[in-house]
Amino acid sequence: MTSSLKLFVVGLLALGWAVLRAEVPVYADGRALLPVYVAADAAPDERLAAEELARVLGVMSGLDWPVRVEPVGQGAGFFVGRTHAAARTLPALRPAKDLLAPAAGEIGPDGFRLRTRGGRVYIEAATPEATPFAVSWLLQRYGGARWYAPGALGEVIPWRAAWTLPDLAVVREPAYVSREITGLYDAAGRDWARRNGLRQRLEYSHNLTRVFPPELYDTHPEWFGLVDGARRRPLGGSDYHWQPDLARADVAEHAAARAAEAFARDAGRASFALGMNDTVRFDQGERTRAAVEPLRYFRGMPDYSPLVFGFMNRAAESLGRTAGGAPNRYLGCLAYFWCENPPPFPVDARVVPYVTTDRTQFYDRAYRAADLELMTRWGRSGVRSYGLWEYAYGSAFVVPRVPHAALAEAVREGWWRGARGYIADMGPHAGFDAFKVWMLAQLLWEPDRPVAELADDFFGGWYGPAAEPMRRFFARCEDVWMAQPGPPWWIKYYQQQDQVLLFPPAVCAELRGLLDEAREMADNGGQRTVDGGQWASCRSAESTAQERLRDGRKAEGRKDRGVECGNQESGNGERRAEDGGLRTEDGGRRAGSVSGLRSPDSSLLAPRYFERISLTSRAFAVTEAAGTFDGLRRELEAPATETFSAAELGARLVGWQRARAAFNRALAAATGGEAPALATRRADFLLRNDPVPGLLASLGRRDRVAPLAALAELTIAGEPVPAHWAALAVAYAKNRLAGAPERLANGWFGEAAPGGLQPDFLHPRSGDIPAGWEVRAAPTEQGRVALGPRILGRRILRVEGSWDTQVTQAQPVQPGELCVAEVQMRGRSSPGNDAALTLAFVDAAGKLVGEYRTTMLPKGESTWRRLTLADTAPATARYVVVGLVATRQFDGDWLEAAEATLRVAE
């Protein structure tokens, strides 16, 4: 073929393609050209989707856009949901009978189709509840709309003078069948989740407390676990500190019967949860031991997968024998804590385990490699599919925890290795986690999207002219997390004070500088170039609006305007999806390119960018204040402070109390108001470690009135004096502790309890334990609790390899009595580990009353030192509980304790 003929043919093809792919005008010249229609009998979710489409079109155009019942004739319009017009024109969608194994020609329950025909736009979904996903995808892909975060502040809807859609022939469905992010429970969060395509389709979580309610004990006590030689009746529906006897066949049959009943009640239900209770108090009987012995370990914990998945297999087989046991009905569960490892036998295909791993620990290469290999082994375990449970917090942290690339990699790798369910356990902080949450929502539909592409979209659209410094802020935070020292650990630093060590003052100063730079850029606006496009000029609003924003009040006139300039696409082009949305053909730019559209009221944009930056700024102020407070506390823990004079100690306490007050103010500012920046409203885990009673006691032993003199410095400075500090100082001044009798039994650990830690097969490395004390230790591979040799009637208690070890003793107490607990302690404590003396009060029912107080060994290697706690018994207290605690010990960590005492002041 000659070159001229080739050009002629290409021209004809191009002309034909232009004819076939006719564009569909939506509105122009101030006229709405495509009304929004639903069927007269539309399902609620379909009507909701139509109303959302009409609302957004109205914001984009400034026109009124009602939702109407579809006409009988052939008019143009958007036809949303299962309309009669679509049924007459298009072949019916075939929803998959089995959501984890769709047949050829079927579509998953959250899949949808967009099709244009003769001026009509058909928006259909496999199920009514998926229709909003179709509308949101259309508006984002072709309209440039975004819902970056919950609420009005998170909505970005660009104004357009006119809008035309390309010819559409799109079928899409999410890569992950079940998609969840926790913490989005209010109305704004639910709306955001719907607009970003989140929906739970699989059930799997803790459910055995409901499958085996307490009243079942009356007829079947044998179904409940044997612990410490006795079967234990649950204390109520909220008592989850037990497991059924999972080794019994009739226990599995009962669980299957409850699942069958649930399937019979709801014909559309796909799964039923049989997730283990949130405890490791498993049955200790012969059948259980036969299933798990000889004891194996996985990630340092006992491996109970043979027990748990033996139960799941029996339940699945029993379900298969019932009317509700169709192959497309699944039993979900948790591969959690002691059962993360696949068992050494095939798992029934009807079982869907959710594998619980903290993949934020991918900073450790060995941990990452082992976890990816674990995903592969679960994919080959016999299950049809499995889920990923991700600990992506958010809540329980007051520092930015944003390993975006690691979380994205886990989503991508999990999908390729067979995962089809996903939950991010998060409780997101609005100030830190907006990109993390939005990114995960996008990846659950399309796991192969590059994180950089998503970041271009988010940071440009969310922060506008301040995108570049805000992107550097979060990149630096991510670097800090991924460069952390020490071994990986499951939910490392969860509700633990050492998390602030990741952000020392120099790093905080660097990050604060980036926030200040971002504020300045949002304030000044101006031209910015992002991803090849140019920002429209977004000059700041009048100074009064900015002042209102700086004061934390909502700037007026922004709600429901929906106008933005910046990181939006033009609406040209189309993405076709195959194989669960992973392979795409994109005739235009991906979402996230800059259209250069200009807002008709751009003066409103700067305050909106400013407010988004303010969320992060307020959240990070808590990080900074926590670091200052914690740094001063660690100075108080230094050995030199034990020799301070009253004036020296008093001056230190003034500074520390002011730092505490500053932290509380920052926390209140970040968690209050109309737009909280942090989800963590209480941070007791940062505040409860109190070295001051020990310092007051050290003073008091040298000079009885010196503790009062030290606290007087607080009064002079106008700072409050905590009541338990004052009570201890008064007790020393009046010599009330000198003749106080010892209340603890066996406080010098001279006597050993018979039998040691039970059951002994879970504690093979432990030895003698002290009589008169209750010893609870979560079994681990290297765990050891043991008394040393007796010397002059005294023994040293040693703890190592601990996940959670508590050695406690309760003694009667009268309300108003001052209790002073002391212990000699030494050891090695790594960041993330707690080695502490604790003091608490409980009422007659065993419920905690008053404050739970601790004082800890400092990090590193400690020689013998006396730890002290003191507090006054509350009015409802019946017992005082003294404890020696070691949690999350890493390799090489250890704790030794001796000479524990409890004195009650007269």
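Colleague: Quick one to start: which residue in β7 is the bridge partner of T116?
Modeller: T116 is bridged to V121 of β7. This is a predicted model, so local features need pLDDT of at least 70 and side-chain atom pairs count only at pLDDT 80 or more, while totals for chains, interfaces and linings use all residues. Residues are numbered from 1 along each chain as its sequence is written, and side-chain values use heavy atoms, with hydrogens and water left out.

Colleague: How many bridges link β6 and β7 overall?
Modeller: Six, with β6 (residues 112–117) and β7 antiparallel. Two strands pair if DSSP finds at least two bridges between them. Strands are DSSP runs of E, at least two residues long, and helices are runs of H or I, at least four long, numbered from the N terminus.

Colleague: What's in the turn between β6 and β7?
Modeller: The hairpin has two residues between its strands, and G118 takes a positive phi near 55°.

Colleague: And what does β7 pair with in the parallel sense?
Modeller: With β5 (residues 77–80), over four bridges. F79 is the residue opposite Y122 of β7.

Colleague: Is β7 (residues 120–125) mostly covered or open, and how many of its residues are buried?
Modeller: β7 is mostly covered, with six of its six residues buried. Buried means under 20% relative accessible area, exposed over 50%, and partly exposed in between (1.4 Å probe, protein chains only). R120, Y122 and E124 point one way from the strand, V121, I123 and A125 point the other way, and all are buried.

Colleague: Zooming out, what sheet does β7 sit in?
Modeller: An open sheet of six strands with mixed pairing, ordered β4-β3-β5-β7-β6-β11. At its edges are β4 (67–69) and β11 (169–172), each pairing on one side only. From one strand to the next the twist averages 20°; axes are lines fitted to C-alpha atoms, for helices over the stretch in contact, and angles run from 0 to 180 degrees between N-to-C directions.

Colleague: How does β4 pair with β3?
Modeller: In the parallel sense, over three bridges, with β3 covering residues 36–38. V38 has V69 as its bridge partner in β4.

Colleague: Which strands does helix α2 lie across?
Modeller: Helix α2 (residues 44–61) lies across β3, β4, β5 and β7, and runs at about 175° to β3.

Colleague: Switching topic: what's the strand order in the five-strand sheet?
Modeller: That open sheet runs β27-β28-β35-β30-β33, and the pairing is antiparallel. β27 (784–787) and β33 (860–872) are at the edges with a single partner strand each, so one side of each lacks a neighbour in the sheet. Neighbouring strands there are turned by 20° against each other on average, direction ignored.

Colleague: How many bridges hold β30 and β35 together?
Modeller: Nine, in the antiparallel sense, between residues 818–829 of β30 and residues 894–904 of β35. One of the pairs is M825 with A897 in β35.

Colleague: Which strands does α20 touch when it packs on that sheet?
Modeller: Helix α20 (residues 692–702) touches β30 and β33, and its direction makes about 90° with that of β33. Contact here means heavy atoms within 4.5 Å.

Colleague: Is α20 enclosed or open, and why?
Modeller: Largely enclosed by the rest of the structure, because nine of its eleven residues are buried. Among them are V692, P693, L695, L696 and L699.

Colleague: What about phi of E899?
Modeller: Phi of E899 is near 55°, positive although the residue is not glycine. E899 lies in strand β35 and is partly exposed, at 30% relative accessible area. N735 also has a positive phi, about 55°, without being a glycine. N735 lies in the loop between α22 and β26, and is partly exposed at 39%.

Colleague: Last one: how many helices and strands does the chain have?
Modeller: 22 helices and 35 strands. Of its 906 residues, 58% count as buried.
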